[in-house]
Amino acid sequence: MDTQSIITTKIGVQKIGRQVSDELPQVKDATVNLRDRVNDILLDKKHILVNYQIAINEAINDDLRNLLIDNRNKIQSTHTIFFNEMFSLGEYQADVATNPQIRDAFDVFSGYKTQLPYKQ
């Protein structure tokens, strides 16, 4: 995924992402298209990942937990592939953050480390 790619929207807002691909319909109609199929796959993977995480949290047997973790990691990799495809097709975009916004978010989440019970 090329997160250095910047586009400008119709109203002049800069975003990380790409222009929407010609492979995707510009106007939604009743037909099921590539966007619909990939969004369905992503939604399915998200639900599966949540359920795997619950099972991992509640597994008593270490061998079973490790198997679930391995399966979850493979599903996460598949989800990432489809997410990157949607990004490449221009479906997903994000606002460009300034350096102070990035530092602020980093500081906030770094501060959470002190609240964790186990330091690694």
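The legends below describe close-up views of a predicted model.

**View 1. Three strands form an open sheet.**
The strands follow the order E1-E2-E3, and their pairing is antiparallel. Strand E1 (6–8) and strand E3 (94–95) stand at the edges. Each of these two has a single partner strand, so one side of each is left without a neighbour in the sheet.

**View 2. Strand E2 pairs with strand E3.**
Strand E2 covers residues 14–16. E2 and E3 run in the antiparallel sense and are joined over 2 bridges. Lysine 15 has aspartate 95, in E3, as its bridge partner.

**View 3. Aspartate 36 sits in helix H1.**
Helix H1 spans residues 34–58. Is aspartate 36 buried or exposed? Its relative accessible area is 19%, and buried means under 20%, so aspartate 36 counts as buried.

**View 4. Phenylalanine 83 and tyrosine 92 form a tilted ring pair.**
The model has 2 aromatic pairs. In the pair of phenylalanine 83 and tyrosine 92, the ring centres are 4.8 Å apart and the planes meet at 35°. Planes under 30 degrees apart would count as stacked and planes over 60 as edge-to-face, so this pair is tilted. Phenylalanine 83 is partly exposed, at a relative accessible area of 31%.

**View 5. Phenylalanine 109 and tyrosine 112 form an edge-to-face ring pair.**
Centre to centre, the rings of phenylalanine 109 and tyrosine 112 are 5.5 Å apart, with 90° between the planes. Both residues lie in helix H3 (residues 99–112). They are 3 residues apart, about one turn of the helix. Tyrosine 112 has a value of 42% and counts as partly exposed.

**View 6. Five residues make up the largest nonpolar core.**
Which residues belong to the largest nonpolar core? The 5 residues are Leu24, Val38, Leu42, Met86 and Leu89.

**View 7. Leucine 89 is shown with its contacts.**
Leucine 89 is one of the residues of the largest nonpolar core. Leaving aside neighbours within four places in sequence, leucine 89 is in contact with Gln19, Val20, Ser21, Glu23, Leu24 and Leu34. Among these contacts, Leu24 is also a residue of the largest nonpolar core.

Technical notes:
Residues numbered from 1 in each chain as written. Predicted model: local features only at pLDDT ≥ 70, side-chain atom pairs only at ≥ 80, totals over all residues. Heavy atoms only, no water. Helix = DSSP H or I, 4+ residues; strand = E, 2+ residues; numbered from the N terminus. Buried < 20%, exposed > 50% of the residue type's maximum accessible area, 1.4 Å probe, protein only. Phe/Tyr/Trp six-rings, centres within 6.5 Å; stacked < 30°, edge-to-face > 60°. Pairing = 2+ DSSP bridges. Core = buried A, V, L, I, M, F, W, Y, C linked by side-chain atoms within 4.5 Å. Contact = heavy atoms within 4.5 Å.
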